[in-house]
Amino acid sequence: MHKNVFQTDLDRVSFTPEGRKTLVEALMRAAPAHRSGSWTKRIAAVALAAVVLAGSALATGTLWERYFGRLDEDQQEIIGTLSQELPAAESNGTTMTPLAAFGDQDFYYMMLEIRAPEGTVLPDYGEDEGYYQLFNPDTGESVTLLDGAGNDIGGDLEFEWMPRTGDSQVLSVVIRLWPIEGVNFSDGTDKVLHIPGLWVQSPDKLYTPVLSGSWDFNIGTHTGNVESRTLDTTGVTVEDERFGTVTLDTLRVSPLGLYYRSSWGHGAEDDTLLCPPLEISVVMADGKEIYLDNTIGSGRDDECWYESYGPFEAPIDLSKAVCVRWNGAEISIH
């Protein structure tokens, strides 16, 4: 997907809020107050803590350039702030390790390393040979998301395989979870992502098992510092020649994406249109306009409303965002 792929041990470094606090306290204790020059040492310890924590955030962000492409320092820090640590899972000799993971209320990203048992080769396949898959529709095995009671809370997901680093025993994949009605990825409750195995899908859609087992990751028990803002949309409307006056009812924006709901007075004569084809983007302080990578939505044309979710092409720093531009209308973020 992207060139200049690399990985170092530092790429794996990230800190939970508790880890950050523990590190700072440990470094502060390294400078006892009764010794001469203790304030100098104490300041140095704080500075070192700041450097280490900033470095861990940037390392995590740099790792994500394999997926998003080039990220500036602000974007890397945002990812570091949102990131959480998840333990590896092992089954039948295969270890799956979350290299990095982060999310907000509506979207969740996990970069997962799949390491096969010693001596197992995971070949590269061309498009005319097959594709690696994390599911098998013939047997009904698929990636699931379960709540703390074991109920399937469903939802949409997509995954994208990362370029190989030369190790024939290892694959890396990014899993992106989309919004699920009534589910908040950042509320701190149990949400277990279950992976049932690895298959190769042939061009004829025949599935051959490669790795079997059961791998579970509780993505809901730890969350980063999620910043989400519901903006004031009072009186925000635009005119559409087919739908009439379209009102922006709700607009929520986070560093990862946005959600909006709109309504209008009457349906269009063209019954192929579910909703007004409006554009939406975020305008940054430097004038750059950030668009959505994709959207998923639902609505009722007979009730004249539509709601849509969409992740940004890459995370943004909300503190440097000016407004949301909705088909020409501008809604201030601050």
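# Pockets, a sheet and a loop residue

User: Which element gives the largest share of the lining of the second largest pocket?

Analyst: That's S4, with 3 residues. Helices (H or I, at least four residues) and strands (E, at least two) are DSSP runs numbered from the N terminus. Bear in mind that this is a predicted model, where local features need pLDDT of at least 70 and side-chain atom pairs count only at pLDDT 80 or more, while totals for chains, interfaces and linings use all residues. Residues are numbered from 1 along each chain as its sequence is written, and side-chain values use heavy atoms, without hydrogens and water.

User: What volume does that second largest pocket have, and which residues are closest to its centre?

Analyst: On a 1 Å grid over the protein atoms alone, a pocket is an open set of points with protein on both sides within 12 Å along at least five of seven lines, a cavity is a set where a 1.4 Å probe fits but cannot get out, and lining residues have an atom within 4 Å of a point. Volume is the space filled by probe spheres set on points joined across faces, edges and corners. Here the second largest pocket comes to about 270 Å³. Its lining has 14 residues, and Tyr125, Gly130, Tyr131, Tyr132 and Trp161 sit closest to the centre. Strand S4 (131-133) and strand S7 (170-177) are the elements that give two or more residues to this lining.

User: How do the lining residues of that pocket split by class?

Analyst: Ala, Val, Leu, Ile, Met, Phe, Trp, Tyr, Cys and Pro count as nonpolar, Asp, Glu, Lys and Arg as charged, and the others, Gly among them, as polar. For the second largest pocket that gives 7 nonpolar, 4 polar and 3 charged residues.

User: And what volume does the largest pocket have?

Analyst: About 350 Å³. Its lining counts 18 residues, with Asp72, Gln75, Met284, Lys288 and Ile290 closest to the centre. Helix H4 (73-82) and strand S15 (289-290) supply at least two lining residues each. By class, the largest pocket's lining holds 8 nonpolar, 1 polar and 9 charged residues.

User: How many cavities of 30 Å³ or more are there?

Analyst: The count is 3. Strand S12 (244-253) and strand S13 (257-264) each give two or more residues to the lining, and S13 gives the most, with 3.

User: In what order do the 5 strands of the open sheet run?

Analyst: Strands of a sheet pair through backbone hydrogen bonds, either parallel or antiparallel. Two strands pair if DSSP finds at least two bridges between them. This open sheet reads S1-S2-S3-S7-S6, with antiparallel pairing. Strand S1 (89-91) and strand S6 (157-161) are the edges, each pairing on one side only. S6 and S7 pair over 5 bridges in the antiparallel sense, and tryptophan 161 has valine 173 in S7 as its bridge partner.

User: Where is threonine 189 placed?

Analyst: In the loop between S7 and strand S8 (191-201). Threonine 189 counts as partly exposed because its relative accessibility is 40%, where buried is under 20%, exposed over 50% and partly exposed in between (1.4 Å probe, protein chains only). Leaving out residues up to four places away in sequence, threonine 189 touches Gly220 and Thr221, contact being heavy atoms within 4.5 Å. The C-alpha atoms of threonine 189 and threonine 221 are 5.5 Å apart, although 32 residues separate them along the chain.
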